[in-house]
2 protein chains.
Amino acid sequence: MAKQSQRGRRSSAAGPEPSAAPESRAAAAEPGFEDPAIQGLDALLKPRSVAIIGASPRPDSIGRVILHNIIEGDFNGVVYPVHPKAAFVHSMKTYPSVLAIPDEVDLAYVVVPGAHVLPVVDECGRKGVRSICVISAGFREIGGEGIRREEELLDLVRRHGMRMVGPNCLGLISMIPGVRLNGTFAPARPRSGGLAFLSQSGALGVSILQHMERLDIGFSYFVSIGNSADIRGRDLLAYWEDDPHTEVIALYVESFGDPRVVGPVLRRITRRKPVVIVKSGRTAAGMRAASSHTGAMSAADETVDAFLRQTGAIRAYTIEEMLGLLTGFCRAPVPRGKRVAVLTNSGGPGIMATDALVTGGMEMAQFSEKTSRILDDMLPPEASRNNPIDLTAWGVADTYRQILPILFEDPNIDIILALFVPPMMVNPADAARAIAESRRGRDKPIFGVIMAEESSYRMLPREVPDCPPIFPFPEMAVKACIEMYNYHERQQRPRGRCHRFEVRRADAQAILDAVRARGGGFLPTADCMRVLDCYGFPTAPMRETNGIDEALAAAEALGYPVAFKVAGRMFVHKSDQGLVILNLKNELELQGAYSQVKRRIEKLGFSADEEAGFVQKMVKPGREVILGVSVDPKMGPVILFGMGGKYVEVLKDVTVRIPPLTDVDTLDMFASIRGYPLLQGVRGEPGVALDLLQECLLRLSQMVIELEGLVELDINPFVLNPARDDCAAVDARIRVEGAQA
Amino acid sequence: MAKQSQRGRRSSAAGPEPSAAPESRAAAAEPGFEDPAIQGLDALLKPRSVAIIGASPRPDSIGRVILHNIIEGDFNGVVYPVHPKAAFVHSMKTYPSVLAIPDEVDLAYVVVPGAHVLPVVDECGRKGVRSICVISAGFREIGGEGIRREEELLDLVRRHGMRMVGPNCLGLISMIPGVRLNGTFAPARPRSGGLAFLSQSGALGVSILQHMERLDIGFSYFVSIGNSADIRGRDLLAYWEDDPHTEVIALYVESFGDPRVVGPVLRRITRRKPVVIVKSGRTAAGMRAASSHTGAMSAADETVDAFLRQTGAIRAYTIEEMLGLLTGFCRAPVPRGKRVAVLTNSGGPGIMATDALVTGGMEMAQFSEKTSRILDDMLPPEASRNNPIDLTAWGVADTYRQILPILFEDPNIDIILALFVPPMMVNPADAARAIAESRRGRDKPIFGVIMAEESSYRMLPREVPDCPPIFPFPEMAVKACIEMYNYHERQQRPRGRCHRFEVRRADAQAILDAVRARGGGFLPTADCMRVLDCYGFPTAPMRETNGIDEALAAAEALGYPVAFKVAGRMFVHKSDQGLVILNLKNELELQGAYSQVKRRIEKLGFSADEEAGFVQKMVKPGREVILGVSVDPKMGPVILFGMGGKYVEVLKDVTVRIPPLTDVDTLDMFASIRGYPLLQGVRGEPGVALDLLQECLLRLSQMVIELEGLVELDINPFVLNPARDDCAAVDARIRVEGAQA
């Protein structure tokens with residue numbers, strides 16, 4: 001229970017907490033209460049008694065297969081088959097309904113036709129079953145009637161205080177010691193280990209289970225969440241965060257929940273355990289396919305990338321890549337540095353590994369003097385004693401046994417990559433074993449590559465203690481090594497903090513609300529600038545004017561040179577319509593500009609009452625950037641930053657992140673655009689006030705979270721100069737949704 | 001012999017032929033003569049008698065292993081073991097020297113210690129052996145003495161009119177019908193097929209042979225070229241070009257020969273057969289590794305990329321990727337369109353495949369009305385009848401048998417991708433067989449993905465005629481499908497033509513030679529502009545001047561506004577040194593600029609005789625681009641094109657190609673830079689004179705090929721405007737090497 005109370009209480013709808021790091025749990029924790037998200041998951045993931053409702057005598061029926069898998073897996077508890085007619089199934093006494101079971105039931109698998117699910121689940125509730133896993137399909141995924149049926153199912157589950165996995169799923173597995181529940185209908189025998197896996201696709205889950213069996217990687221848990229009506233990814237993540245059996249987490253998902261809910265959990269958890277995610281549905285066509293598959297509309301892929309990057313999760317783009325990364329994370333300690341020693345018996349793969357390592361940001365280790373001396377003594381003349389060490393034909397199992405300990409001892413080496421290509425008569429199993437046995441008792445990671453049939457090294461993880469990961473190709477090993485080092489490196493970085501600035505929130509909201517009350521739309525430019533001002537953005541000084549006399553007086557007060565712009569909110573593309581005239585140096589030019597704009601407005605079909613405009617003091621020319629906000633239909637608000645200016649815009653040099661932004665996020669945004677050197681200063685030119693730019697991004701993040709109804713914002717251009725005082729937002733666009741929306 | 005004479009004669013040092021397409025063979029062909037590059041290769045690749053010199057009785061000796069492989073492979077000819085003492089080896093009569101063999105020998109494998117190679121090869125020459133394959137190491141790869149030994153070896157081979165593979169290699173295999181020579185010491189039994197493979201690494205070659213055996217892909221030839229002292233990649237490519245047994249070509253190389261020699265062969269051959277290349281040594285560290293491995297200095301990777309792109313070869317970045325591409329090319333017909341139908345029994349992999357297809361430029365097919373109607377009738381409600389077709393649990397072997405023929409018949413589908421994830425009790429072998437058998441007798445490509453143990457589909461290529469490629473993951477299948485379509489698409493493109501412009505070559509060479517005679521270095525700016533003028537580039541009008549009076553007179557003649565620049569060739573970075581003053585609108589400003597420049601020259605420590613400068617008419621402002629030439633130590637001259645301008649330069653928006661450029665190459669260069677839309681015109685602005693830009697790139701290509709001693713050239717900026725007459729080179733730098741170099 002000590003463990004439980006530590007977990008503390010977190011609201012399941014916990015929003016961002018801008019004044020603290022988003023991954024901090026302290027802010028939301030109240031000792032003594034359990035996070036509702038993980039409430040009841042113990043019964044589900046550590047059951048002592050399980051019922052299979054719908055276990056039929058037919059050997060190939062799904063219920064029977066689950067029952068068989070559970071028995072064959074030697075579940076450490078009691079399993080009760082339930083079937084309306086059968087007296088026994090799989091030689092086991094069978095009950096006509098869950099109500100007839102004489103003992104308590106922690107978890108019931110529901111494997112009856114869709115139309116019969118509701119009454120069966122109701123019986124579970126009445127029986128006091130604590131959790132259910134609904135395998136049956138026929139819910140949200142078939143649309144129409146299925147959607148209503150899923151709503152009723154969820155109601156029923158909530159009413160009875162149960163938790164539910166599914167419906168429409170493959171099942172769930174808990175391989176932790178003392179449980180050993182192989183509760184899916186997949187033809188796979190999962191081993192026990194440290195990997196917790198969540199799959200949004202059942203069929204892909206089958207494939208994953210089989211690959212993991214082949215790779216001999218063990219699970220703590222495997223959950224196919226199906227339609228995730230009740231239990232969602234966020235709940236399982238929260239449970240796995242503190243779970244002592246889970247060391248590595250992997251997810252296959254086709255859509256995320258609300259990033260404001262999932263984000264904070266992910267940010268926290270990735271600080272402690274690596275989380276590898278495959279998110280499919282990356283392209284529009286892929287999304288349509290995902291959409292017909294899970295009924296969930298997917299987010300733009302770059303937004304998903306940004307989100308995962310911010311949370312510290314590791315994104316794999318293919319199942320194969322994920323398998324490689326998990327092999328690494330589950331079999332090797334995380335590297336503490338990036339200096340790699342490559343040992344090979346073949347030049348070609350050594351070169352290819354070196355290429356891949358250096359491209360991925362790793363360093364080739366400079367051996368210590370001691371290592372170099374020993375290698376010099378040991379190696380024959382034809383071998384290369386540099387890094388990569390190329391043993392050529394001299395490299396047999398014994399050579400690897402001699403040299404690997406030297407590399408393990410060298411303090412200048414953080415990671416060892418040992419490649420072996422079997423030459424002529426050599427059985428690769430010997431060299432594979434030499435590599436596998438080398439790590440025993442050491443905590444430096446070694447990655448093996450045996451370029452031969454998998455059968456030559458497949459059994460090693462079962463036979464050799466501390467067996468390192470072994471791959472069939474150098475690039476896979478290198479990919480795992482790079483992502484594992486990056487994971488280590490991210491953990492060393494400061495956590496990042498959000499900032500809460502003193503702002504005039506109410507004033508800004510009032511400006512928005514005025515337009516929202518009229519049904520929403522674009523704000524007049526002057527109002528946009530006022531909203532920015534409320535949030536502490538530097539803006540170019542301006543005055544609203546009506547008629548030429550006011551314009552001239554305003555210019556006089558602000559000081560020339562000035563710009564003259566129309567104010568009306570129907571003119572959204574003012575510049576393209578010729579309704580913005582810049583750099584007016586004196587009264588004469590301002591008068592000319594005024595007349596010109598007036599004529600253009602009339603040509604566009606508007607009349608005299610549109611003489612309202614404003615005069616703005618020209619900002620000192622500098623580097624132009626864009627700051628913006630849009631709303632992704634699935635991921636919610638997205639903050640954009642990029643280079644501005646007419647031409648550079650064409651190069652689309654922008655990057656996006658999900659709010660709330662931390663200071664670390666903003667620095668990462670800077671580094672993500674190609675034009676960053678222009679802001680830092682090139683060819684002896686001074687850099688711009690990056691501290692102000694960072695502050696403005698953080699202010700924007702706060703604004704997006706605090707203001708209601710904001711659906712689009714563009715600050716373009718935001719002009720930057722070396723001095724903070726010479727920086728200002730020059731123009732802005734804000735769109736709000738109607739108050740009723 | 002008709003075949004032979006067709007091949008025609010090509011000089012092995014054939015340079016580029018700028019007036020014709022570089023891949024045209026007509027220009028170099030003289031009927032009746034054989035290309036010296038392929039001379040003698042028949043004896044090597046189609047031998048009727050083979051000697052193994054160094055076949056020792058020790059079962060694990062390399063010579064004995066080669067002998068064993070050849071016998072076990074059932075070589076369709078006679079093999080003679082040669083050993084100084086043994087009376088028999090492997091139960092075969094053995095000869096004390098090659099001279100003792102009573103019959104003719106087409107090919108001798110030399111497997112004796114390095115120091116004994118020369119006398120043995122000399123004996124081969126005296127015996128009249130037509131070709132040799134030197135397995136023995138101890139040559140160039142060990143440096144020093146080895147380099148000299150290799151030179152003597154080559155001398156000997158040439159003197160005796162033999163051809164040689166190696167030294168330091170794995171051997172060579174010829175699996176064409178009527179030969180069946182498995183002549184390597186790799187533990188592999190290659191099958192006969194249409195793949196010709198060249199490997200620069202012996203050990204990697206072993207791995208390749210084993211993978212191909214696993215994938216059941218057959219070879220026409222496999223050659224490990226080792227140090228390639230005599231026979232090089234270009235020779236084998238030339239041979240395979242016309243070889244009727246070779247349908248697909250693959251290369252693993254660590255360095256290329258001269259691209260001006262290899263390029264034309266590759267350009268020709270890729271028009272007829274796909275060529276897949278892995279080039280390792282991509283990074284500086286990888287190159288050092290390659291360098292210690294093969295003693296060959298490697299080229300910058302982007303240059304290699306450009307070169308392969310121009311030749312039409314397909315670059316694979318890893319061995320695994322290459323294996324996937326070869327599985328596709330060897331097992332499926334090349335797609336004739338890019339409309340893909342995806343059939344799956346599992347949503348997740350269907351989505352991932354769709355993502356990968358669309359990202360790679362393919363299209364999701366819109367089914368014909370007929371197909372849609374049949375699918376509607378056939379599919380149960382839970383299946384998705386869009387593309388991807390998701391059969392869900394309904395998808396078993398029989399379903400695939402029913403639906404695949406419909407997709408084969410649909411004229412709106414060019415490619416079929418059939419995915420299968422084995423659900424619970426289903427044996428994937430049935431579905432794999434259903435997919436494998438579907439293509440029989442059809443020429444539309446189908447790519448299968450079976451997400452299960454390889455063993456479930458591994459035997460199918462041997463059992464099923466026309467068996468399509470089957471992959472374990474969707475992304476591999478998609479990658480193969482995309483590269484195969486791109487190959488098709490490239491073959492449809494016009495071949496591209498080089499152009500030969502009327503230029504004043506001799507004048508330009510004379511300008512260069514004047515500096516070369518002084519030991520080389522940078523040309524004075526005015527000379528650079530003259531060289532450009534000789535080659536027909538538009539240049540901004542200018543006059544050299546000495547003293548202020550001449551400068552004023554020149555400006556008067558050219559017309560204001562003008563720029564004033566110093567002329568001396570010691571001022572290479574004129575702009576950064578403040579020795580270029582632009583946009584002088586009148587006499588007064590020119591005088592001011594003149595004085596300023598003069599003061600700066602004195603400050604830099606130069607004196608009055610450096611008053612030489614020039615006055616240049618200002619060009620109408622426009623888009624600035626860079627054209628350039630540099631020399632890669634390995635790949636030779638490289639042409640660079642990119643966006644210019646101080647800031648955009650920071651974004652490094654440039655692309656490179658190897659001369660000679662064709663018109664198709666230049667269009668590809670345009671499309672390769674991000675700023676291309678700026679040149680085409682954005683936001684209603686007119687585009688620049690792209691035809692002139694294209695012409696200038698072609699002129700640059702001609703210049704690079706024709707002028708001797710040119711080692712560096714920069715035209716920066718080259719100013720572009722919509723009208724051709726408003727475009728001009730404004731400044732240029734040229735460096736030449738000394739005449740003695």
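Author: Two residues are in contact if their C-beta atoms, placed from the backbone, lie within 7 Å. Helices (H or I, at least four residues) and strands (E, at least two) are DSSP runs numbered from the N terminus. The model here is predicted, so local features need pLDDT of at least 70 and side-chain atom pairs pLDDT 80 or more, while totals for chains, interfaces and linings use all residues. Residues count from 1 along each chain as written, and chains are lettered from A and ligands numbered from 1 in written order.

Reader: Let me start simply: how many helices and strands does chain A have?

Author: Happy to begin there. In chain A, 72% of the contacts with a separation of 6 or more are between residues 24 or more positions apart. As for the elements of chain A, there are 31 strands, and the helices number 25.

Reader: What percentage of the 741 residues of chain A count as buried?

Author: A residue is buried if 20 or more other C-beta atoms lie within 10 Å of its own, exposed if 12 or fewer, and partly exposed in between. Under that rule, the buried share of chain A's 741 residues is 54%.

Reader: Which helix of chain A is largely enclosed by the rest of the structure?

Author: Look at residues 233-242 of chain A, where nine of the 10 residues are buried, so this helix is largely enclosed. Among the buried ones are A:Arg234, A:Asp235, A:Tyr239 and A:Trp240. The helix is α7.

Reader: And which elements do the buried residues of α7(A) pack against?

Author: You can trace the partners of α7(A) along chain A. The buried residues include A:Leu236, A:Leu237 and A:Ala238. Their packing partners are α2 (41-45), β10 (192-199), β11 (219-224), β12 (248-253) and α8 (259-269) of chain A.

Reader: Turning to the two chains, how many residues of chain A are in contact with how many of chain B?

Author: The copies meet through the same surface, because 98% of the interface residues of chain A are also interface residues in chain B. The contact pairs 65 residues of chain B with residues of chain A numbering 66.

Reader: Which element gives the most to the side of chain A that touches chain B?

Author: Several elements give two or more residues to that side, including α3 (62-72), α6 (202-215), α9 (284-294) and α12 (347-359) of chain A. With 10 residues, the one giving the most is α12(A).

Reader: Where does A:Pro561 lie?

Author: Find A:Tyr560, which a cis peptide bond joins to A:Pro561, with omega of about -5°. A:Pro561 lies in the loop between α20 (548-558) and β23 (562-566) of chain A.

Reader: In which loop of chain B is B:Pro167 found?

Author: This proline is joined to B:Gly166 by a cis peptide bond, with omega of about 0°. The loop holding B:Pro167 runs between β7 (163-165) and β8 (171-174) of chain B.

Reader: Does A:Asn168 count as buried or exposed?

Author: A:Asn168 lies in the loop between β7 (163-165) and β8 (171-174) of chain A. Phi of A:Asn168 is near 65°, a positive value in a residue other than glycine. Because A:Asn168 has 24 C-beta neighbours inside 10 Å, it counts as buried.

Reader: What about A:Asn583, buried or exposed?

Author: A:Asn583 also has phi near 65°, and it lies in strand β24 (residues 580-584) of chain A. Since A:Asn583 has 12 C-beta neighbours inside 10 Å, it counts as exposed.
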